[in-house]
Amino acid sequence: MMKTFFKAILNLFKKPITTQYPAEHTYIPDDYRGMIGFDENLCIWCRRCEMVCPPGAIVFSQDMEGKQTYHFSRAVCIYCGECVRACPKEGAIYQTAEPAKYALHEENINNTWNKLFDESLESRAAYSAEKKRLAAEKAAAAKKDADKK
Ligand code: SF4
Ligand code: SF4
């Protein structure tokens with residue numbers, strides 16, 4: 001009983017071990033797994049990062065010329081680093097020690113991401129379908145030419 005009492009008295013004079021966040025920043029270790037960075041100049045657009053991402057925080061959209069665009073959601077990411085490990089091109093995708101910014105209510109972050117994710121997959125499907133259509137058209141024209149001869 002007395003021991004606990006003295007311990008409590010001593011604790012009154014000790015520095016608190018808690019951090020007064022957000023006024024004071026929390027300690028971030030050097031190997032902290034933070035924000036995912038992307039360098040489109042190094043990317044070879046293989047989409048392996050998208051394929052291995054457990055929660056689906058990366059998606060590539062594609063325009064009708066075949067150009068792909070990388071999209072990433074800081075709210076969906078679990079900062080596991082799988083995308084970085086799977087990438088065959090060093091530096092194309094990388095993990096920084098920068099903590100992710102908190103999500104704002106007005107960003108409607110999950111719904112916005114889900115919509116973008118679905119639209120990106122649809123854009124790729126549209127590009128593939130158009131590519132197939134053009135190939136079939138080309139083959140039909142070649143056959144017509146061959147039949148004429
Ligand atoms: S760190 Fe993990 S969760 Fe985040 S984008 Fe990469 S693979 Fe996906
Ligand atoms: S795995 Fe690397 S090279 Fe492939 S699409 Fe992702 S970032 Fe680009």
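Author: Around ligand 2 there are 13 residues, and those that come nearest are Cys43, Cys46, Arg47, Cys49 and Cys87; a residue counts as near if one of its heavy atoms lies within 4 Å of the molecule. The model is predicted, so local features need pLDDT of at least 70 and side-chain atom pairs pLDDT 80 or more, while totals for chains, interfaces and linings use all residues. Residues are numbered from 1 along each chain as its sequence is written, chains are lettered from A and ligands numbered from 1 in the order in which they are written, and side-chain values use heavy atoms, with hydrogens and water left out.

By class, the shell around ligand 2 has eleven nonpolar, no polar and two charged residues. Here Ala, Val, Leu, Ile, Met, Phe, Trp, Tyr, Cys and Pro count as nonpolar, Asp, Glu, Lys and Arg as charged, and the others, Gly among them, as polar.

Ligand 2 takes up the largest cavity, in the sense that more than half of its atoms lie within 2 Å of the grid points. A cavity is a set of points, on a 1 Å grid over the protein atoms alone, where a 1.4 Å probe fits but cannot get out; a pocket is an open set with protein on both sides within 12 Å along at least five of seven lines, and lining residues have an atom within 4 Å of a point. Grid points are joined across faces, edges and corners, and a volume is the space filled by probe spheres set on the points.

The volume of the largest cavity is about 100 Å³. Its lining has 14 residues, with Cys43, Cys46, Cys49, Cys87 and Ala92 nearest the centre. That lining divides into eleven nonpolar, no polar and three charged residues.

In total, the structure holds two cavities of 30 Å³ or more. The second largest cavity has about 80 Å³ of space. It is also lined by 14 residues, and Cys53, Ala57, Cys77, Cys80 and Cys83 are the closest to its centre. Twelve nonpolar, one polar and one charged residues make up the lining of the second largest cavity.

As for open space, the largest pocket holds about 230 Å³. Its lining consists of Tyr21, His25, Thr26, Ile28, Tyr32, Pro99, Ala100, Lys101 and Tyr102, which divide into six nonpolar, two polar and one charged.
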